[in-house]
Amino acid sequence: MTAAEISRIAGVTRATVSNWRRRHDDFPAPSAGTETSPLYDLTSVQAWLRGRGHTATASPTEELRTALRLLGPGSGVAARLFPLVAAVSRRAPDELAELAALPDDQLIAEAEKTAGELPVAVPEAEPVRYGPDDAGAVRALLGCVREAGAQATVDVLAERELDEGAASGVYQTPEGLALLMARLLPAAASRVLDPACGSGTLLAAAARHGARELFGQDSLPVQGRRTAVRLLLAAPEAETAIRVGDSLRADAFPDVTVDAVLCNPPFADRDWGHDELAYDPRWAYGLPPRFESELAWVQHALAHLEPGGHAVMLLPPALAFRSSGRRIRAELIRSGALRAVVSLPARAAYPLHIGLQIWVFQRPEPGGTDRTTVLFVDGEGEQRDGATGTSSATDTATTGTGTGTGTRGGSRPRRSGSSPSPAASSASASSFDWAGLTDRVLGQWAAFTTAPDTYADEPGVARAVPLVDLLDDVVDVTPARHVRATAADIDPAALAGRVRDLHGQLAEQVAALAAASASGGWRPSGVSAREWRTATVSDLARGGALTVLRAATPGTRGAKGSAAPTVDRPVLTAQDISAGSPPSGGAADLPADATQQSVAAGDVLVRALAGGGDSAAMTRVTDDQDAGALLGPHVHLLRPDPARLDPWFLAGFLGAEDNIASASTGSSLVHVTPGRLRVPLLPLEEQRRYGEAFRRVHELRAAVRRTVGLAADTAATLTTGLTAGVLLPPDTPDTTSGTSDSRSA
């Protein structure tokens, strides 16, 4: 292990580890590596730390990552551990602790026996065999399942195997997006296929929606194993069939037809098999062009549907307008196979630089009802303002091209160049307001499918467009092109009133911002920065100064694949912490069988995933308006003893950038381990002084956010009114008649 890994498991800085090496003769000598990059034996380091009274502060997932790295590349142990996760997930925490305490030889024998009990075969898995060197990884896995849950353990194993197989660049479909796509399917859809299943997120969402027969295929064996174990954990009652292979070239289910297909296929794959599949019977709507692999996946999905069955697919925006796919788009529209296109905001799903689209298809039924319209929903803007008939955000056309080097079987090509940091990426996808977008989309879809002939358009939000209007020379099905509000949809008087209200609100908010930003006697601490003793959150919890609670995360052990739990209280989500907004979540944000943890006034919440930009808050002190809400996923709750800790003091220091960075682990997802966060040890009276200062900083941040939002809304509304011809520019006052005459001349 490296010095950086030692610092993580000990909960100290790299500089501290360097000091230990220099000052303590008994510090373990390097066992490998180079003079500038030494490597140390994990067992020796752990023994030295225990001898010095240092307890490990690394999260269970990080300990598992470390144990897997120590086995070196090419060990293949990650792949062999998948069946063990599924098997031990059924055991109680006490049983897992007893198993982990066994000597190495007994542990290995028991692990092989336990993994062999797994009744469902994982694709391409042979009888499991573990060696003496695997004992550390097996022990770390048991601890990870016990503390972090089976699904988190599966994700760590998949991350390791993808790294070893040089197959990086695969991205998981966000949980909220998967649930939205699954809910676009009819409630009666029981048999569901995902031909590019990746990590199994879409199939797990289908199971939550009621599906009981699940079929999946992926070109990467690690993703096939990951999906099989995920479904065993999330939907143990469902019948599953997961296969490994290229779905387009070697379809594992050639004779299977299903009620529905859910798919997030690879984009821009130029090696999808254009030449060898030129005469394939699946191309009922035309041979997909060489550079339009997405249209091959669309027709593959339609070929697997029963007549009347639905397919919901996540596709790049360029597919809606590229000239090379015009003929096939026209055939899909002409036949009635294309039912709806929904645009998503950029950064809602990977790749984050473009706004992807959800396309909904339905296989035509012989003698069925002719379909005369296609529904378009603009999910990019904010909710339409009902008083004015305009969208409060400026409509923009999506122009992503979807270019890049693709891989098949659910693997998403990674962008090169200006890709966002892992922290920003994870925060964007996981903290997006899926509840609001889901309500918006499903409401329009339900109204359209219930009575398509009488569906009432909602300008700026959704519109049902006749097929004949789409079949022009371009056949462009970009939602923004068809949904954008027109001048006829806008009431000039109402819009002018809206502008007056916004100007009044903005003036009040600017005054509030000025008050919040006024200098308040901030003084320098002296010639140098203050120094103080600190303690970790784990130390404070052991001392009884606070309690650390955590809500269940999606996919944790115990989920049965049932529908979302029924709750009558709002859910406080990670997005609410980032944006400083009231609890906005609902039942859909809670995983099935999740422990419902209530929030009390004075609690301190910490987001479990770092990132989201400079303006995104990492911590929050709850107030009376938050009290009673349920704790959402990916949020840690710290409940301080008010006689020993001031909550604002605690939140301010916990949310510091350096503190968050030192307590974060992971690569593709940056997880914050709350136990490793540090807090200065100060008297309560001194804490309250700092707490009041942090509260003022919070008010300043909130005032800035409100001002920016109002200014953007005002500017967008004015632009809409002027360009639509429903607002006139204000009169320019003339200082003299001569000036007016000269301009007229």
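**Before you start**

The model is predicted, so that local features are described at a pLDDT of at least 70 and side-chain atom pairs count only at pLDDT 80 or more, while totals for chains, interfaces and linings use all residues. Residues are numbered from 1 along each chain as its sequence is written, and side-chain values use heavy atoms, with hydrogens and water left out.

**The whole protein**

Begin with everything shown as a cartoon, where you can look for 25 helices and 23 strands; both are DSSP runs numbered from the N terminus, helices being H or I with at least four residues and strands being E with at least two. Of the 745 residues, 51% are buried, where buried means under 20% relative accessible area, exposed means over 50%, and partly exposed lies in between (1.4 Å probe, protein chains only). Switching to a surface view, you see an accessible surface of about 32800 Å², 52% of which belongs to carbon and sulfur atoms; accessible areas come from the Shrake-Rupley method with a 1.4 Å probe, and for residues only the protein chains shown count as cover. Among contacts with a separation of 6 or more, 77% are between residues 24 or more positions apart, a contact being heavy atoms within 4.5 Å.

**Stop 1: helix 6**

Select residues 93–100, which form helix 6, and find Leu-96, Leu-99 and Ala-100, which are buried. Looking down the axis of helix 6, you find its buried residues within an arc of 95 degrees, so they line one face of the helix; the arc is that of the directions from the helix axis to the C-beta atoms. The face turned away from this buried side carries Asp-94 and Glu-98, which are exposed.

**Stop 2: helix 5 against helix 12**

Two packed helices are described by the angle between their axes and the distance between the axes. For helix 5 and helix 12, the angle is about 5 degrees and the axes are 10 Å apart, where axes are lines fitted to C-alpha atoms, for helices over the stretch in contact, and angles run from 0 to 180 degrees between N-to-C directions. Helix 5 and helix 12 are therefore roughly parallel to each other, since angles under 35 degrees count as roughly parallel, over 145 as roughly antiparallel, 65 to 115 as roughly perpendicular and the rest as oblique. Show side chains here, and you will find Ala-79, Phe-82 and Ala-86 of helix 5 meeting Val-222, Arg-225, Arg-226, Val-229, Leu-232 and Leu-233 of helix 12. By class, this contact of helix 5 with helix 12 has seven nonpolar, no polar and two charged residues; Ala, Val, Leu, Ile, Met, Phe, Trp, Tyr, Cys and Pro count as nonpolar, Asp, Glu, Lys and Arg as charged, and the others, Gly among them, as polar.

**Stop 3: helix 14**

Select residues 326–334, helix 14, in which Ile-328, Arg-329, Ala-330, Leu-332 and Ile-333 are buried. Their cover includes helix 13 (293–303), strand 8, strand 9 and helix 17. Helix 14 is followed by Gly-336, whose phi is positive, near 85 degrees.

**Stop 4: two positive phi values**

Most residues other than glycine have a negative phi. Select Val-475, in the loop between helix 17 (467–470) and helix 18 (479–483), where phi is near 55 degrees, a positive value in a residue other than glycine. Val-475 is buried, with a relative accessible area of 1%. Then move to His-634, in the loop between strand 19 (630–631) and strand 20 (635–640), which has a positive phi of about 65 degrees although it is not a glycine. His-634, at 25% relative accessibility, counts as partly exposed.

**Stop 5: partners from elsewhere in the sequence**

Select Leu-442 in helix 16 (residues 434–450), a buried residue with a relative accessible area of 14%. Leu-442 and Leu-184 are 258 residues apart in sequence, yet their C-alpha atoms are 7.0 Å apart in space. Apart from neighbours within four places in sequence, Leu-442 is in contact with Leu-180, Arg-183 and Leu-184.

Finish at Pro-582, in the loop between helix 21 (574–579) and strand 17 (604–607), which counts as exposed at 58% relative accessibility. Not counting residues up to four places away in sequence, Pro-582 touches Asp-576 and Arg-620.
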